[in-house]
Amino acid sequence: HLPVNFQGEVIDAAEQIVMPGLIDCHVHINEPGRSHWEGFDTACKAAAAGGITSMIEMPLNASPVTISRKNFEIKLTAAANKLHVNCGFWGGVVPDNEHELNDLLESGVFGLKAFLTHSGIDEFPNTTAAHLRNALRILKKHNKPLLVHCELDEPHLDAKLLEETPNSYQAYLKSRPKSWENKAVQLMIDLCRETQAAVHLVHISSAEALPLIRAAKHEGLPITAETCPQYLCLFAEMIQDGATHFKCAPPIREKQNNEFLWEALKDGTLDFIVTDHSPAPPDMKETNSGNFAKAWGGIAGLQFLLPLVYTAAKERGFTIEQMAKLTSFNVAQFIGMSQTKGKLQSGYDADIVCWDPTKSFTV
């Protein structure tokens, strides 16, 4: 029903699905400093190609890392004139930047990200419970969330297996057991309860952590959680030895484990699906050697979020409306933009994706 004086172009989407543009709040773009891994120009184009109209970029793996206002301004300068979709930014918590956090939060970042294990980037060291307790108190004043990579690396029986058989995917899987994730999730639930500050658990892969998250939500704690296509659509049983392009952390787990993640998306234990897009050059992925011990841990998946999620969600009885919430509205709600993004509604930003559910392709 167009107004009589409408002057714009009308596009007939025919049988295509028209839905709110996807929002991916877990993206590593790596510029400045590591733009040969990926820069804003190509990352934004990949996002647009996959129906993502907004993304929030992580404080690593760019160099310098976004742990101060000064570094944030360097990143903003690097992004100028290279954005083809909406882009926001997270800041970071590291052991020695507590004095920077107020200033960083006031500069416009959406919240702060921290690691409980080595991040893979030496410039972004992991934190302890004490660091995060202090950060949560600061974040609460700003009404912004703490995002946490939940793995607590502890000695275990299979620790040396990867050293002995570095090309074995099963050895890599066993090197980062579910217990690491489960204990880290419990730690963050405890800190959330203690501080009553918002905590977000990134890329949940362990089904054993789901009852902990479910109970925390039932308790009324301000806790949210996400998962990613690699944990929903791929399974450890299908990954061959030497196939290092599948390496990410936490690792892709078994099919039975991953089916529980789908159930958690249905019942609201997991809030949404994002990519954790983390590209690297082929040599860093050790594509020639197949060495999981040395390979960079990260999957480049921006442009595949929509087709992967649609394909797998449809098989499990999800509706298009449910899928749109899991990839758009729920993310908008999390980042505090549910009044402007994530819905096709009058007054909202016109972030729209049209796509053909009958077309198929091979990745």
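## Cysteines

Cys248 is buried, at a relative accessible area of 3% (buried means under 20%, exposed over 50% and partly exposed in between, with a 1.4 Å probe and protein chains only). The model is predicted, so local features need pLDDT of at least 70 and side-chain atom pairs count only at pLDDT 80 or more, while totals for chains, interfaces and linings use all residues. Residues are numbered from 1 along each chain as its sequence is written, and side-chain values use heavy atoms, without hydrogens and water.

Zero disulfides are found in the whole structure, a disulfide being a pair of cysteine sulfur atoms within 2.5 Å. Cys233 is in no disulfide, and its nearest cysteine sulfur, that of Cys228, is 11 Å away. For Cys248, also in no disulfide, the nearest cysteine sulfur is that of Cys228 at 8.0 Å.

## Cis peptide bonds

Glu31 and Pro32 are joined by a cis peptide bond with omega of about 5°. Pro32 sits in the loop between β2 (22-27) and α1 (40-49); helices (H or I, at least four residues) and strands (E, at least two) are DSSP runs, numbered from the N terminus.

A cis bond also runs from Ser63 to Pro64, with omega near 10°. The loop between β3 (52-57) and α2 (69-79) holds Pro64.

## Positive phi

Ala14, a residue other than glycine, has a positive phi near 50°. Ala14 belongs to the segment before β1 and is exposed at 61% relative accessibility.

Asn143, likewise not glycine, has a positive phi near 60°. Asn143 lies in the loop between α4 (129-142) and β7 (146-149) and is exposed, at 71% relative accessibility.
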